[in-house]
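Q: Got a structure open here and a few things to go through. Can you take my questions as they come?

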Amino acid sequence: MQAEKLMQVKNAVLKLRQQLRAGQVYQSLPARMDALIKQLPSTVATTVTLPGDEEVLPLIATLHEQLKKGTLTAISSEQVKLLMAHIGSRNPQVRDQGVYYLLNEALQQQVLTPAQLGDIFDQLIQDQLLFAHIDEPQNDAIYQRSFAVLLLSVLLYADHAGLKFMTPARLDLIVTQMTIYILLETDTRGFVGTTGWAHAYTHIGNILDELADESKLARADKLLLLAALLSRYQKLTTPLIFGEPERLSTYLTLITNKDELYCDYLLAALKEWHRQLMMHTRPSSEAEWTQIFNRNRLLEALALHDDLPTAVVDYLDDELEFLG
């Protein structure tokens with residue numbers, strides 16, 4: 001994504017975040033989010049350049065063998081750097097079973113130091129990694145973007161579990177970057193041919209869970225992330241059919257039980273969503289029908305949770321009865 005266009009999006013998000021924190025925005029937040037999405041840039045496809053995997057395959061094999069034998073006690077910063085360079089590989093054996101699996105296992109076994117965790121975070125959160133080709137039609141950069149979000153969620157989990165590396169500056173940055181990412185990401189693919197999982201919206205659910213559980217985040221920041229998700233979800237024109245609505249419903253259940261503010265916002269957003277649908281004529285395009293069924297799948301997934309706030313349960317009962 002071009003730096004100038006990205007800066008425009010960042011400035012808009014930062015302004016909205018400041019206004020929300022100052023209590024200047026609440027009722028108008030959905031409309032403000034919708035207006036921001038409508039103004040987001042899009043461009044033609046460009047070539048996605050990925051490194052060859054030959055150099056990382058021996059390292060992946062070695063680390064797998066050490067894990068199997070129980071002899072993995074450390075991963076050097078050079079090895080971490082090499083693994084990270086291949087997070088966007090089209091080969092699921094490298095990306096998923098290699099880089100992600102190995103870094104996740106290293107975290108679980110506390111092989112990585114807090115300093116290394118911070119270094120990984122600082123790399124994953126960078127614009128050129130999170131937003132690569134994000135304003136273009138579906139492309140192979142989705143694997144890099146999506147798995148960066150997945151690893152960021154794992155890092156947040158590790159920090160919450162006691163491997164402290166997060167700083168106030170990092171926490172502040174991830175709120176802004178993830179809000180922008182959610183607003184920009186329109187690639188809804190789940191499992192893709194021979195290249196495996198893309199699953200961006202499942203990974204978004206993962207990181208939103210961790211941010212919802214972050215005690216140091218202000219309510220306004222959590223509300224900003226919730227609002228970004230709901231507004232972007234409504235505008236998606238390609239289907240979410242690989243478990244994403246179910247994953248996101250878990251986050252929505254979690255956040256609405258944190259504070260009445262989030263519950264009220266979800267209800268207001270759902271009601272406005274319904275009102276907008278009723279104002280339009282019968283869907284006449286694939287994109288419009290996709291939006292309808294994406295919504296239905298999310299409502300049905302939410303209805304399966306028995307720990308939602310009562311007000312949300314009552315709304316869902318009425319809405320699903322209406323849908324028949």
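Q: What does R189 touch, leaving out residues up to four places away in sequence?
A: R189 touches Q138, N139, I142, A198, H199, A200 and E244. Contact here means heavy atoms within 4.5 Å. Keep in mind that this is a predicted model: local features need pLDDT of at least 70, side-chain atom pairs count only at pLDDT 80 or more, and totals for chains, interfaces and linings use all residues. Numbering runs from 1 along each chain as its sequence is written, and side-chain values use heavy atoms, with hydrogens and water left out.

Q: Where does R189 sit?
A: In the loop between α9 (168-184) and β1 (191-192). Helices (H or I, at least four residues) and strands (E, at least two) are DSSP runs, numbered from the N terminus.

Q: And which side chain does the R189 side chain make a polar contact with?
A: That of D187, at 2.7 Å. A polar contact is a pair of N or O atoms within 3.5 Å; within protein, one must be able to donate a hydrogen and the other to accept it, and residues adjacent in sequence count only if both atoms are side-chain atoms.

Q: You listed H199. What is its phi?
A: Near 55°, a positive value in a residue other than glycine. Most residues other than glycine have a negative phi. H199 lies in the loop between β2 (196-197) and α10 (200-212).

Q: Is H199 buried or exposed?
A: Buried, because its relative accessibility is 12%. Buried means under 20% relative accessible area, exposed over 50%, partly exposed in between (1.4 Å probe, protein chains only).

Q: What about H133, what is its phi?
A: About 60°, positive although H133 is not a glycine. H133 is in the loop between α7 and α8. At 16% relative accessibility, H133 counts as buried too.

Q: Switching to α4. Which of its residues are buried?
A: V80, L83 and M84, in a helix that spans residues 77-84. They cover an arc of only 95° around the axis, so they lie on the same side of α4. That arc is taken from the directions from the helix axis to the C-beta atoms.

Q: What is on the other side of α4?
A: E78 and K81, both exposed there. The buried residues of α4 pack against α3 (57-69), α5 (92-108), α6 (114-124) and α8 (142-160).

Q: Pockets now. What volume does the largest pocket have?
A: About 580 Å³. On a 1 Å grid over the protein atoms alone, a pocket is an open set of points with protein on both sides within 12 Å along at least five of seven lines, a cavity is a set where a 1.4 Å probe fits but cannot get out, and lining residues have an atom within 4 Å of a point. Grid points are joined across faces, edges and corners, and a volume is the space filled by probe spheres set on the points.

Q: What lines the largest pocket?
A: 22 residues, with Q276, L277, H280, Q291 and I292 nearest its centre. The largest share, 6 residues, comes from α14.

Q: How many cavities of 30 Å³ or more turn up?
A: A search of the whole structure finds 4. The largest cavity has a volume of about 70 Å³. Its lining is P30, D34, L230, S231, Q234, Y265, A269, E272 and Q276.

Q: Which helix gives the most to that lining?
A: α13, with 4 residues.
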